[in-house]
Amino acid sequence: MVSRVIPVNAFDLVLFGATGDLARRKIWPGLFHRFVAGQFDADSRLLGVSRSDLERDAFQAKVKEAVNEPGTDPAQLEEFLKLVDYISIDATGERGWDALAAAVRPNTVRAFYLSVAPKFFGPIARRLEKNGIATPDSRIVVEKPFGHDLASAKALNTELRECFEEHQIYRIDHYLGKETVQNLMALRFANSLFEPLWNSSQIDHVQITVAEKLSVEGRGEYYDQSGAMRDMVQNHLMQLLCLTAMEPPSKFTPNAVRNEKLKIIEALEPVPVDDIARGQYRASGEQGSYQDHAGNPDSATESFIAMKVEVANWRWAGTPFYLRTGKCLRERESEIAVFFRNPPHMIFPGTETPQGNVLVIRLQPDEGMTLHTTIKDPGPGGMRLTEASLDMTFADSLKDSAKPQDAYERLIMDVIRGDQTLFMRGDEVESAWAWADPIIAGWTERNMKPQQYDVGSAGPEDALLLMHKDGRRWRSIGA
Ligand code: NAP
């Protein structure tokens with residue numbers, strides 16, 4: 001199968017925060033990969049903007065370092081660097097905006113990517129507008145976090161909408177750019193096999209896990225202001241929940257998809273704080289504890305969270321969604337596991353029912369899907385049952401075309417195309433905060449402390465109890 005690259009029209013991409021960590025690790029390499037793939041050509045311009053005073057050559061050297069990897073064709077790299085320029089601008093000052101106004105071209109798609117701290121979103125948007133750089137057709141891309149709570153998310157939305165229309169605003173949640181996440185929509189809405197089963201009469205429960213092995217060391221101070229609820233659940237896990245639970249949109253257009261996702265967020269029941277498992281990892285050997293990494297011995301911020309979420313609508317009443325995410329866990333693993341109900345009656349006497357059918361949609365590592373089925377244990381010895389899985393690891397089954405694009409590559413090209421399907425709409429973000437805020441406020445009001453857990457474990461004891469109470473079990477992390 002040959003991968004199809006559909007070229008985009010020439011564009012001017014202005015990357016604020018061009019010298020930052022995200023730009024270096026994801027955005028510049030992503031742009032280079034798309035260039036090499038032939039998705040855009042030498043008519044496009046890539047303008048880096050940040051505070052530092054840098055000559056064009058010095059900046060290009062940084063970009064070169066960021067994108068150069070074993071096997072890179074030096075000629076392609078040189079061609080790519082010809083598109084790259086640099087302007088020094090302080091987001092809160094007035095210097096440099098004229099140069100930017102002169103650098104962007106008329107009648108060319110303009111995308112302003114704000115890979116800077118959220119406090120700069122408003123000031124940059126205002127200066128782009130005031131200096132006539134933003135046109136009615138321009139796009140503005142903003143990174144996470146989008147707000148800290150409902151009030152700050154609303155304030156950010158207001159600031160951005162004073163200068164840009166909603167259809168110009170692209171709020172990134174890079175989970176939505178993952179191949180498997182889109183495949184979840186293809187699986188559900190391009191096949192007739194699963195959709196009739198996709199409801200509470202056939203599905204017992206759903207588990208959504210985003211487990212990380214890494215600690216927060218190095219960014220503990222930042223993380224301590226957010227915690228797993230703000231950093232992961234309100235955005236990434238919420239988006240995965242929405243795509244799993246939403247009704248089929250009438251068409252695959254940005255607003256049709258986002259309307260359906262919004263309905264799910266609005267249908268979420270409030271979660272009692274006592275029913276949530278929160279954890280903090282302990283020190284282990286040479287490695288410090290969460291509180292050491294946060295630089296805060298009294299920190300009550302969670303590095304782990306597990307909760308049961310109920311979607312109160314006809315399709316899902318009675319089928320809980322269990323969400324779980326944390327740092328310093330046994331493995332780095334993200335998946336959505338859909339547990340189908342067991343057969344209503346077992347006709348094979350004396351056989352224990354193995355685990356029923358589970359559809360596992362893996363986001364990382366090895367994006368793919370596995371359907372766990374029950375079969376006869378091969379060989380003599382009567383009718384014994386065992387488990388077998390139908391495995392579809394995309395990289396194996398689809399060969400070259402399946403080499404997954406990094407989420408950022410796909411999302412940036414979507415911005416250029418003007419396709420907002422995989423970006424969060426303002427009302428979605430606000431609605432997710434409206435659901436999360438009372439939970440966070442509950443912890444603070446009741447001065448609740450997270451439970452300690454071991455590095456390399458599956459989280460705190462409370463997370464296991466959460467499932468045991470319901471007569472269910474988590475899927476093993478790193479199985
Ligand atoms: P970073 O490494 O601290 O880089 C910040 C960038 O902002 C630098 O290019 C810096 O330029 C620029 N900057 C700072 N103050 C400025 C000002 N007054 N005017 C103009 N530019 C200014 O941050 P980052 O990790 O790349 O993160 C950028 C954004 O992406 C943040 O919103 C973050 O939350 C989000 N994000 C990051 C990651 C990640 O993995 N890093 C993941 C998801 C989301 P100078 O170097 O010239 O000062």
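Colleague: Are Lys261 and Glu428 buried or exposed?
Modeller: This is a predicted model. A residue counts as buried when its relative accessible area is under 20%. For Lys261 and also for Glu428, the assignment is buried.

Colleague: Which parts of the chain are tied together by Lys261 and Glu428?
Modeller: Lys261 forms a salt bridge with Glu428, with 3.0 Å between the closest N and O atoms. The two residues are 167 apart in sequence, so the pair ties together separate parts of the chain. Those parts are helix H10 (residues 254-266), which holds Lys261, and, for Glu428, helix H14 (residues 426-445).

Colleague: Where in the chain does the salt-bridge partner of Glu335 lie?
Modeller: The partner of Glu335 is Arg475, and their closest N and O atoms are 2.6 Å apart. Glu335 belongs to strand E11 (residues 333-340), and the pair links distant parts of the chain, 140 residues apart. Arg475 lies in the segment after helix H15 (461-468).

Colleague: Why is Glu335 counted as buried?
Modeller: The cut-off for buried is under 20% relative accessible area. Glu335 falls under that cut-off because its relative accessible area is 4%.

Colleague: Which residues are linked with Arg188 in a network of salt bridges?
Modeller: The structure holds 35 salt bridges. Arg188 takes part in a network of them.

Colleague: How far apart are the mean positions of the positive and negative charges?
Modeller: The protein has 55 positive and 68 negative charges.

Colleague: What radius of gyration does the protein have, and what would a compact globule have?
Modeller: The C-alpha trace spans about 80 × 55 × 45 Å along its principal axes. For 479 residues, a compact globule would have a radius of gyration near 23 Å. The protein agrees with this, at 24 Å.

Colleague: What percentage of contacts join residues at least 24 apart?
Modeller: The secondary structure comes to 15 helices and 15 strands, and buried residues make up 52% of the protein. Counting contacts between residues at least 6 apart in sequence, the share that joins residues at least 24 apart is 76%.

How values were computed: Residues are numbered from 1 along each chain as its sequence is written. This is a predicted model: local features need pLDDT of at least 70, side-chain atom pairs count only at pLDDT 80 or more; totals for chains, interfaces and linings use all residues. Side-chain values use heavy atoms; hydrogens and water are left out. Helices (H or I, at least four residues) and strands (E, at least two) are DSSP runs, numbered from the N terminus. The radius of gyration is taken over C-alpha atoms; the globule rule is 2.2 Å times the number of residues to the power 0.38. Buried means under 20% relative accessible area, exposed over 50%, partly exposed in between (1.4 Å probe, protein chains only). Contact means heavy atoms within 4.5 Å. Lys and Arg count as positive and Asp and Glu as negative; His and the chain ends are not counted. The place of a charge is taken as NZ of Lys, CZ of Arg, CG of Asp or CD of Glu. A salt bridge is a side-chain nitrogen of Lys or Arg within 4 Å of a carboxyl oxygen of Asp or Glu.
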